[in-house]
Amino acid sequence: MVATVDPDEDLVRRVGQGDPTAAQTLVARKLPRVLALAQRMLGDPVEAEDVAQEAMLKAWRQAPKWTPGQARFDTWLHRVALNLCYDRLRRRREIPTETPPDRPDDGPAPDRGLLAAETGARVDAALRRLPDRQREAIVLCHYQDLSNIEAASVMEISVEALESLLSRGRRTLRQSLADLSPRSGGRSEGDGR
């Protein structure tokens, strides 16, 4: 196995040694990305926060046992967060609810962003309708800004398999959201683009 260069290696080592400053730095560095990943995968801010906290707790517990060189810590943390998301998604399928819970509108102010909020909600809904693996690939590459190599490693698949998932996911999203394209004469017309 080829050793990987891990920019978090020293930080994880210090966390494992009980350095509170290193633990704070690790949380500040990783929590926003883990939270964003969970939010995109689950579509529920409360569940996303729970997943992010659980992932960070696992990171803190794993730090003393971390073996440098096998995989990047960030890759491992993304895999942990994705597994926690999948656990919650499986539980959702097992427990049907009669009505969805009320959710606050986190979008822009009504007088300035109705269209943007509606578009964002449609994109999020289309993303949630994708098969899990396609959604995972798109979230990792487009929202988490991982390279194809990093995302493939997190997903434990080849780069070619990742690219196939991305291609199918993008195609499905394009079809689902075709009316939003400026070329289709959809709602984006007149926005200056």
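Reader: Before we go on, how many helices and how many strands does the protein chain have?
Author: Keep in mind that this is a predicted model, where local features need pLDDT of at least 70 and side-chain atom pairs count only at pLDDT 80 or more, while totals for chains, interfaces and linings use all residues. Residues are numbered from 1 along each chain as its sequence is written, and side-chain values use heavy atoms, leaving out hydrogens and water. Helices (H or I, at least four residues) and strands (E, at least two) are DSSP runs, numbered from the N terminus. Reading from the N terminus, the protein chain goes α-α-α-α-α-α-α-α, which gives eight helices and zero strands.

Reader: Back to aspartate 179. Which residue forms a salt bridge with it?
Author: A salt bridge is a side-chain nitrogen of Lys or Arg within 4 Å of a carboxyl oxygen of Asp or Glu. Here the closest N and O atoms are 2.9 Å apart. The pair links distant parts of the chain, 57 residues apart, with aspartate 179 in the segment after H8 and the other member in helix H5.

Reader: Are lysine 30 and aspartate 8 buried or exposed?
Author: Their side chains meet in a salt bridge, 2.7 Å from N to O. Lysine 30 sits in helix H2 and aspartate 8 in the segment before H1, so the pair ties together parts that are 22 residues apart in sequence. As for cover, lysine 30 and aspartate 8 are both buried.

Reader: Which residues are linked with Asp8 in a network of salt bridges?
Author: The structure holds 14 salt bridges. Some of them join up into a network, and the residues linked there with Asp8 are Arg29, Lys30 and Asp74.

Reader: How many residues apart are aspartate 10 and arginine 14?
Author: Their side chains also meet in a salt bridge, at 3.4 Å from N to O. Aspartate 10 is partly exposed because its relative accessibility is 38%, and arginine 14 is partly exposed too, at 25%. Both lie in helix H1, about one turn of the helix from each other, and that spacing is four residues.

Reader: How far apart are the C-alpha atoms of leucine 77 and alanine 59?
Author: Leucine 77 is found in helix H4, and it counts as buried because its relative accessible area is 1%. Along the chain, leucine 77 and alanine 59 are 18 residues apart, but their C-alpha atoms are separated by 6.9 Å.

Reader: And how far apart in space are tryptophan 66 and valine 12?
Author: Tryptophan 66 lies in the loop between H3 and H4. It counts as buried because its relative accessibility is 15%. Tryptophan 66 and valine 12 are 54 residues apart in sequence, yet from C-alpha to C-alpha the distance is 7.5 Å.

Reader: What is the phi of aspartate 145?
Author: Aspartate 145 is in the loop between helix H6 and helix H7, and it counts as exposed because its relative accessibility is 61%. Although aspartate 145 is not a glycine, its phi is positive, at about 60 degrees.

Reader: Where is glutamate 156?
Author: Glutamate 156 also has a positive phi of about 60 degrees, although it is not a glycine. It counts as exposed because its relative accessible area is 65%. Its place is the loop between H7 and H8.

Methods
Buried < 20%, exposed > 50% of the residue type's maximum accessible area, 1.4 Å probe, protein only.
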